[in-house]
Each structure stands twice: as C-alpha cells, then as structure tokens.
Amino acid sequence: MTGSQTLGVKVTAIEQITPLIKHFTLARRDGAALPAFSGGSHVIVVMRGADGRVHRNPYSLLSPPGDLGSYQIGVRRMEESRGGSKFMHDVLSVGSALEIANPVNLFPLEKRGRKHLLIAGGIGITPFLAQLEDLAETGSAHELHYCVRAPEHAAFLTRLQRRLDERLHVYYDSAGAAIDYEALLARQPLGTHVYVCGPAGMIERVIATAGACGWPKSHVHWEQFTAPPVGDAFHVFLARADIGIDVEPDHSLLEAIEAAGIEVPYLCRGGVCGFCRTRVLEVDGELLHHDHYLSDTEKSGGKSIMPCVSRARCRKLVLDL
Amino acid sequence: MSAQFKPDETFRGDFTFRNSPAAIRRFPLPFPEDDYMYSVNLEPHLPGPPGSVTEFAIDIDEHYVAECRERALVLAAEPLRFQALPHMMSAQWDCLELIMESLARDYPEHFSLARQGNEWHWINRPLQIDRRFRFGDPNSLPQPPLEFITRQAPGDWVVMDQRDGDLWTEAGMVTTQADWSLDFDVGMTFKEWHGPVPLAHEMHVFDRALKYLLNLRLGAPVRRLNWTMTVHPRLDTSPENYPHWGPDRAKVTPQNAGDLAHLRVELQALWRLPRSNAIVFSIRCYLISVRELASIPKWARRVHRVLETLHPALVDYKGLTRYRDAVVAWLAPRDDGAPTTPGTAPD
C-alpha cells in the first residue's frame, strides 16, 4: 500500500478495558460506511506524532464484520514501545484524527472447515473476536482457548462468554492453569483447523504439537505480528535512489526508508506478508532477520531482507531501492 | 459512453452482431507493439479516458442487452455454466454488491440501488428488472446471488477462494469463454486451471501472477488484456459446444477472412472481495471483425504484423492453426510497411 490509499477516521470512543489494553472505536470522518471485511483482518493505523515521526502499526479488527459504521481495535501498551502503542494510549483522545488503510486479511478462517479450534494468548485474542462473528454466521463448530496472565488482564471476557458459553476455556497464569496442548489437539475430530495468535512460544508450541499429532500443515494457522525490534543504529545506502540513510535504534529500516521519501510496498509491517521484501546488493556484516516470511536458507543467503522488522549489524549495507 | 443498445443483435445463427463506428474506435486492442509475447501485464484497474472501455469499473456498451439475452439462452440449455461451491456464499454476496454498486454509481441512467441496512432495492432499466431483496438472504432472490447479478452483468465472472497460499476456482458464471469450461475447472488451483497454457509456465508467468494476486488489496483492483480469435461473432466458444463452432475454422479463406474472422479480446479485471477475502476475476469479451478492425489503418498494419510473427505454440494454443494464414493474407494488402506509432490508439 501507499500513503495515498488511506481512509480518514476519527476516534469515537476509548475504553481502558484492562490495566494494559485500551479499546478504540473508529469511524469515517466523512460519515461514510467503512469497507466490509472478513474476520482475522487487520488495518494499518497511521499515527503522526507532534515531532513529525510517523508510526504505522497493524491492529486486528475486532468489531463485527457486518458493522460498517465503525471499526474497533484493541491496543496493548508495549513495555518497550518504540512509540506506536504509547501514542495510541497517551496521545489519542475522542475526536482525534487518524488515517487507516483498507483491511487486509492474512489470518482468514478456512471456509470449508467443519470445526475450528481457536487458541489465543493475551492481546492475541483480537482477531478471534471478529472471526467468532463470522463463525456464528456459518454455524460451523468451534471453541476458543484463551490464556491470560491474571483475571484483571482478561480483555473482552464478557463478550466472549456471551458468544461462546461452554465453548470458552480460560486459563490464568496466576492460577497456574495452562493448556495441555497434546491432549487438546489429540481429541479434535479429524479435519479440524487450529488457529493460534499470541506469544511466539505459544505459536511454536501449537505448530510443533500439531505436527507431532500428524495434522497437515494446511490445517494449522497462525498470526504473529512482530513489532519492529529496537536495535543498534546502522547506515544503509539505497542504490537506485543514490542516497545514504541512518536507521536510529528505535526506528525500523522501513520507517527510515519512508522518512527519506522512498516508498516501499507493504501490507502487514509485521514480518508476515512478504510484500516489502527487498534485495540486498551488498552487506559486509550480519543481517538481523526478525521476519516470519523468509526461509532459513533465504535468511542465511543474505540476498533479501524484510525492512519492516529486520535490521543489520554492519558497516555497509546496500539495498536495491 | 452513452450507448444506444442494440437489443436484437445475435451471437449465433444469423450472427447479426456488428460494431458501430464509435464501438470500433474504443475497441481495446491488446497489441501496443508490432509483435506479441506473454507477459505479466497486470496494471491497476484505474479509470481510463472518458469513452474508453476502462472509464468505469464495469463497462456497459451497445451490446449489453444482446449479450445478456445470449447468456440466458446458454443457461437455458446448460445450467451448469453457473456454479458455486457451498462455502462461496459470502463471496457471491460480495460480487453482487460490487457489481450493483459499480453499475448504479457509473450508469445512474440505467441502474439504481437503494440500500436501507440489509433491505436492498435494485433497478435495471435496460433489462426491465425491479427487485427488492434482503442482502445476505439467498431466499429473497430468484437465483443464487452470483447468478442473479451475473445474468445482468457483461462478461464472465470467476470467483477464487484464497487458502493454503493458492487461489481456488470455486464459483463462477462462464458463458462467453474462449474454449474453456468452468464445469471442468471448478475446484482447481490457479496453476491447474492454467495448465493448458503453453510457454507461460516455463516463463514462470503463473508463479509471479499468483504471488501478485495473493497480495491483491481491497480497493485496489488490477486488470490485463488477453486475446484470441474466433470465427463469426460467437460469444459461446465452449468445449461443451465444440461441434457447433470448431468446424467453422475450416471455412475461413483469404477472400472471406475479413468478415468471418474476429479478434476476441478479453478485458480481465480482478478485485479483492471484502467479506469473503476471495478474489473475483471478470473476463469481459470484446469482439471485432477483421474488416471492422482494418477500418483503422494503424490497426490493419499492427494486427497483420502480430499474426505474421506469432510464436507457433501460441498459434496452436489459440486455435488459429487452420486460418491464421488466411487472415494474414487478407490483411497483407492493407499493410504498406509504414512504421506504426507507439501504443494502441487509432492515428
């Protein structure tokens, strides 16, 4: 996407729903309907700070997909925020203007599935809230397993209970509860699809357990947006633009390129979609790959980088941009 | 273009289909150069110049009413030209919305759509349809939603579900096709569907096209042109009906090629659909006789050169083996060897 294809929205409601999570409602500034979407979609929210810094963060849409009057997102304050979630929490108020891009779904439900097993960790609950609305429409079997630190962190619990009843299973770390992944996956009917969104360890655990239980890869779905990690500053040369830029510790490579006025196509800004893949022409040090897109061979090959989340530790990095 | 419909023209039997001079001038010639080879020629489906076939998202031209009648004739004989697998219902509604919204916005003199929540009122004046229905409720329409709206929409429509990193052909309305069958291809992946296309697989055209389409964005449709040739202005050149049209290819001679042979151009547009995350692929067929085409001197030269130098594998795949030479011979006296100007616009 490019900056020109955004929708102008304003914040119409903000609610602090847990000590760390705020719930935002967004509506078009011109009053028009928002685009319909499918459960699992996210939008990129463009935030312009007073210092001129632009943040573009992906947030899953958690409102009912049939509601075109407003979108809802949930934002967790990140302890090591580079500024995006801090901006959302501290700067926005009701009436604030934002730009968002059209929804993109990189975590869709499999429409032919007869049973859907949803596993969420913490803020990873958000895409499932919209998916549950889609599942209620189709009537296919589903259940949700939701892990949170402690009861006060269990966002959207009332809405989930109302929607799911006995198909909701909540696990509190504070009470020592945990999902028994082996038992959970082993007892599913053949052909079940599993979806997981949460911390990296949870996703890896589900993928590994499903593999060990003999589940085909096509039935294992996950989404993890990686926030661009903070790192050491480094210098990049953009060969086609013929300019050198510095990437500050709390800026991503993609943000630094955009700040220099160069557009790179992207969809997720979280190391998932592969859209911003960029050719590396020269590097005299180490590429620090943080994405989930490139294969291990491609990562070690050093010919490509995903600038949305990945960095470099080197004296010289030349990109084909 | 404010089109004067020609409701009585036919695409079978006496073949009374003709292009008006205005329709000839707006014909989407797919040859920007004097030779032709495949490419991933996708571009954003943005509004083109006023009067062009891409001025609006969906083009309504002088043949609209006659084409819809032709579609109804095909469906009456072969209902399986429309198909939709059960999990494609949300995509069917997405398509209905896309087509109704586009037509009502771009051709208010012909179509109107009033939405009150899920209570919709659709009016199609050229086809004299006035229908109230409940969006999302298939029982409120006389046919499945995709069939209902594509009986009123020009061109073929194929809907692809996206999963497992692939696109699956799982719904569609296909009655104006260049020798392929939805009934045969339904359920196939993107590369299976395109399996018969020569050369392109080796050129990795489909790897690149698939990767591009998997990332197709809502609100950012894309398009391309494709082409072949057909004897007579026959829209329904389907494998099912091969006995009716296949033998025609032996009738073309250097004397009659200008009137019998038609260039068949497909304006293909692809949209990401919002509720289903599926992709709809519209394949709009434009026909023009070689004589009509040659009324534009630049096009006579251009098409003569393209056909003369066409790769033999493409001659075979496009079904031109029997009559390409006859068309080239008919066009030869109309090509004086002068250079052609770049692009496709008539001089």
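In what order do the strands of the open sheet of 7 strands in chain B stand? Before selecting anything, note that this is a predicted model, in which local features need pLDDT of at least 70, side-chain atom pairs count only at pLDDT 80 or more, and totals for chains, interfaces and linings use all residues. Residues are numbered from 1 along each chain as its sequence is written, while chains are lettered from A and ligands numbered from 1 in the order in which they are written.

**The sheet of chain B**

Select chain B and follow the order β1-β8-β9-β10-β6-β7-β2, with antiparallel pairing; strands here are DSSP runs (E, at least two residues; helices are H or I, at least four), numbered from the N terminus, and two strands pair if DSSP finds at least two bridges between them. At the edges stand β1 (43-44) and β2 (82-84) of chain B, each with a single partner strand, so one side of each is left without a neighbour in the sheet. Next select residues 156-163 and 166-173 of chain B, which are β6 and β7, paired in the antiparallel sense over 7 bridges; the bridge partner of Q162(B) in β7(B) is L167(B).

**A core residue in chain A**

Move to V196(A), which, with I100(A) and V206(A), touches the most other members of the largest nonpolar core, of 85 residues. Such a core is a set of buried Ala, Val, Leu, Ile, Met, Phe, Trp, Tyr and Cys residues joined through C-beta atoms within 7 Å. Helix α2 (residues 126-138) of chain A gives this core its largest share, 5 residues.

**The segment after β19**

Finally, select L321(A), in the segment after β19 (317-319) of chain A. L321(A) is buried, because 20 other C-beta atoms lie within 10 Å, and the cut-offs are 20 or more for buried, 12 or fewer for exposed and in between for partly exposed, with C-beta atoms placed from the backbone. Leaving aside neighbours within four places in sequence, L321(A) is in contact (C-beta atoms within 7 Å) with residues including L238(A), I257(A), V264(A) and T278(A).

Notes
Two residues are in contact if their C-beta atoms, placed from the backbone, lie within 7 Å.
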